[in-house]
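Here's a quick briefing on a chain-to-chain contact and a helix pair. Have the model open while you read.

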Amino acid sequence: MSFLLNCPNCGPRDVNEFACAGEVTSRPKALPDLRGLTDYVYFRRNVAGVQREWWYHRFGCEIWFLAERDTRTNEVLKTELPQASAGTSSAG
Amino acid sequence: MRLPEQLNERIDRSRPVRFFFAGRVVEGFEGDTIGSALFASGQRVFSRSFKYHRRRGLLCCSGGCPNCMMRVDGVPNVRVCTEPVREGAHVHAQNVLGSLEHDLLAAVDHFGGPFTPVGFYYRTMIRPRSLWPLYERFLRNVAGLGRLDKHAGRTRRFDTEHRRTEVLVIGGGRSGREAARSAAAAGRQVVLVDERGAPADGAFEVLAPARAIGIYEGGLVPVDAGNVLYRFRAERIVVATGALEQPLLFPGNDLVGVHLPGAVRRLVDEWSIKPGERAVIVSADERGLAVADKLERAGTSVVERIDLRSAPPRQLAARGSRGRLRSVVVDGREIECDLLVMSGGRQPAYSLLAQAGARVEYDAERGIFVPSDLPSNVEAVGSAAGEQEPAAVPAATFEGAEGAGRCFVCVCEDVTEKDVKRAIAEGFDSIELGKRYTTVTMGPCQGRLCHVPSIRLFARENETDEKAIGTTTARPPWAPVSLGLLAGRGHEPTKRTSIHHRHEEAGATMMWTGFWRRAHSYEHAANEALNVHRGVGVIDVSTLGKLLVQGPDAARFLELLYPNRFGDMKVGRIRYGVLGTDAGRIMDDGTIARLGEDQYYVTTTSTGADTVIEWFEWWNAVWGLDVETVNLTGALAAVNVAGPRSRELLGRLAQIDTSNEGISYLDAKETYVAGVPCLILRIGFVGELGYELHFASPYGEYLWDALLEYGADLGIRPFGLEPQRILRLEKMHILVGQDTDSESNVLEAGMPWIAKLDKEDFVGKWALEHVQERGFREQLVGFEMTDGVVPAEGGQIVLGGRPAGRVTSSRLSPQLGRAIGMAWVRPELAHEGAEIDIKVNGGFARACVRLKPFFDPEGERLRS
């Protein structure tokens with residue numbers, strides 16, 4: 001990987017400065033059944049195409065942001081700071 | 001050997017340069033390369049070939065072919081034809097056993113032929129199996145080129161530099177410079193990279209000698225400039241890499257004395273050297289034939305010119321003796337000569353363009369591969385784009401003659417026409433497979449000389465055309481690059497606390513914990529542990545992660561992150577917390593002190609600090625709560641003063657009442673200690689009365705010294721990480737990552753009180769509920785050996801001959817005089833006094849399960 005990523009804070013930077021925390025998933029709103037929990041914790045869609053994912057500017061401003069990246073070409077279509085109201089969250 | 005002074009020569013005859021080669025002194029001039037100086041001194045053989053150890057000479061003399069690779073001042077595989085002379089340099093031939101003239105390994109050339117076809121090491125040497133180790137030793141000895149200097153890592157330093165420019169021009173020839181000039185004239189910022197050493201230009205920056213080694217994803221162009229690797233990002237990349245002279249395929253085409261036109265041109269023009277006495281020229285283009293004029297001027301008689309465009313011969317072969325060219329046979333006619341200039345036309349150097357995503361197609365009319373469909377940010381100019389003079393399409397190979405040697409397709413890997421034919425006959429008829437099987441194009445020239453000829457040969461043998469065969473995928477590196485340059489400077493990050501030097505002065509044994517350097521022990525771990533039990537000890541715990549969590553939502557934020565409850569905590573109190581994931585896994589632990597209504601001070605483990613901080617920030621980004629986290633890990637130092645006499649010591653230095661009423665167990669108080677503003681946390685990781693002092697790290701040494709000075713009469717001694725590990729084990733305090741792994745949760749780890757499952761939500765709640773529902777699979781317990789032997793950490797616990805658990809920690813406790821430890825065991829064994837067998841040294845040792853801390857089980861000493 002050697003593409004550039006547009007940090008919402010710092011502008012375009014080498015991808016090596018960032019850590020990718022994988023695709024954005026949705027944390028269940030209430031107690032899920034075992035299958036629902038397992039899906040949330042362990043399963044990913046792993047799309048061949050545009051994926052919304054979490055990135056962290058680890059060797060930079062240390063901010064978390066969201067990116068839309070085409071997993072086939074590494075083309076980054078958009079980066080943005082998460083909205084406070086998003087309600088979507090991710091698994092660790 | 002030098003000609004009289006020429007008009008445009010590059011050498012400065014008033015400045016001689018001397019260097020050493022094969023035990024003799026060679027003299028050249030400033031402006032020479034090591035190769036040209038050697039050639040001028042009469043040297044004609046520059047290397048022995050990769051496999052057959054055949055003599056090889058300056059074939060291309062422009063840094064493309066592998067024939068002149070030598071070891072220069074310890075650096076292997078230096079192409080001496082382009083390496084400038086250096087006073088006093090030590091130059092050695094490589095890939096020889098003996099000398100270039102008498103190489104013992106040349107026997108392979110005479111006898112090895114039938115036994116060493118392509119891929120022979122997979123076939124000939126595979127049986128009998130039992131002999132493989134012997135074969136392997138031999139093969140490893142003769143394989144590869146050059147020998148690495150094992151100390152080179154200490155003598156050379158490589159750096160990486162990130163650079164940006166608007167326009168990056170690769171190649172400093174006519175077209176490249178024109179492109180650079182016009183871009184600069186249009187007001188663009190331009191950098192031109194040239195491997196030959198193009199002169200500086202006022203209008204734009206020139207990096208030379210430097211080589212672009214590839215075009216990677218995102219338009220990244222790494223440029224090798226010797227000791228610096230530039231990682232270029234350019235808005236526009238202009239590729240002006242020119243064209244590559246192609247050799248002809250005929251028997252004897254690797255003899256010393258066979259050159260490409262460029263080699264002859266440079267020898268005569270740049271270094272004023274007469275390349276031979278009698279020359280024959282065989283050329284597919286005007287450029288090759290034009291060398292005749294240069295040769296005549298240098299005093300070489302051109303005895304034959306063969307123009308492949310008008311009268312291509314059927315037969316072309318070179319004969320030689322002792323590896324040197326003696327004559328050329330053309331259609332039955334033998335012509336004596338010592339120089340053969342061959343040219344199969346020029347091929348656009350499209351590799352970088354192909355790497356960038358361009359399509360490469362065969363132009364049958366011109367007989368060359370031409371790039372097209374370039375990505376929008378990449379441009380090709382000049383010969384690289386296919387703009388060049390017309391040339392004949394040479395035959396794939398020429399008919400041989402009696403006494404002529406092998407016909408080489410690839411001089412890097414010694415692949416002959418016969419090898420390629422054989423590979424095709426064996427079924428490797430696609431160029432991609434054939435390439436991998438024969439290794440043609442995979443040598444140091446990276447296909448510069450062999451790519452197109454091998455495609456022509458494949459086309460002929462498969463009875464099709466070059467278009468149908470197509471090219472192989474172009475991959476970086478386009479130019480050879482040293483591994484040292486790719487590795488860059490040796491980065492071994494080290495974190496030291498502000499008290500680090502005091503530990504070294506005290507003679508501590510230091511150890512790594514993550515990137516931190518910490519004191520393992522100062523003299524004797526057991527004694528240091530005992531001193532904490534009996535008097536007072538002090539340990540540097542500055543490595544702990546330290547976070548300030550602040551804001552109206554601080555309590556809510558922590559309650560969502562931790563299984564614990566924090567909203568009900570009084571200001572000035574401390575609680576132990578275990579951080580978990582939504583999988584229920586334990587990821588870290590530490591203490592949380594409430595400093596104010598909206599302010600908490602969180603500590604993490606030393607090695608988990610960075611992960612926890614990222615974790616906090618991430619959830620904060622997800623939830624968007626009104627809370628801020630500040631990382632104070634480096635800003636603050638911390639020491640733990642522990643032991644029954646720690647209160648007395650602190651009483652002398654702290655500005656607060658240090659009685660049990662003044663600051664009781666799990667109290668946090670801000671005050672001055674020895675004049676330094678401190679946050680005191682009364683906690684007890686090591687199991688004795690203790691105070692953790694957190695303060696600004698610049699005061700580290702001062703406060704450390706003050707504690708040792710004022711505690712001297714109390715018997716204070718510093719203790720290291722190892723005694724701390726003994727002490728915490730006596731209390732069954734877990735170490736995350738040591739006693740827990742990726743499956744551990746707080747319930748099975750024996751800390752059910754941590755998880756407040758009645759809270760509406762927290763990270764990991766659902767997983768813990770599931771664990772409770774399914775029942776425990778294993779539990780973390782303490783154990784005590786009955787016979788005092790200390791089992792290995794990771795040791796197996798066996799019950800009735802079946803595995804029943806594993807040891808995670810074990811130590812001999814000097815305080816208790818017993819071997820103790822912690823282990824994961826099956827739930828039916830997790831009761832006080834259960835007997836377990838632990839594998840020790842091939843046998844078994846008996847142990848008893850303990851659920852309560854081995855030392856001070858009721859925590860009276862902690863609270864006293």
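Is the crossing of α20(B) and α21(B) left-handed or right-handed? The crossing of α20(B) and α21(B) is right-handed, meaning the near helix is turned clockwise from the far one by less than a right angle. Keep in mind that this is a predicted model, where local features need pLDDT of at least 70, side-chain atom pairs count only at pLDDT 80 or more, and totals for chains, interfaces and linings use all residues. Residues are numbered from 1 along each chain as its sequence is written, chains are lettered from A in the order in which they are written, and side-chain values use heavy atoms, with hydrogens and water left out.

**The helix pair**
- In chain B, the axes (lines fitted to C-alpha atoms over the stretch in contact, with angles from 0 to 180 degrees between N-to-C directions) of α20 (residues 646-653) and α21 (residues 700-710) come within 10 Å and cross at roughly 115 degrees.
- L649(B), R652(B) and L653(B) of α20(B) make the contact (heavy atoms within 4.5 Å) with A706(B), L707(B) and Y710(B) of α21(B).

**Chain B against chain A**
- Chain B puts 27 residues into the contact and chain A puts in 31 residues.
- Between them they bury about 2,400 Å² (accessible area lost with a 1.4 Å probe, summed over both), 56% of it on carbon and sulfur atoms.
- There are five salt bridges between the chains (Lys or Arg side-chain nitrogen within 4 Å of an Asp or Glu carboxyl oxygen).
- One salt bridge joins the side chains of R58(A) and E614(B), at 2.7 Å from N to O.

Conventions: Buried area is the accessible area (1.4 Å probe) that two parts lose on being put together, summed over both. Helices (H or I, at least four residues) and strands (E, at least two) are DSSP runs, numbered from the N terminus.
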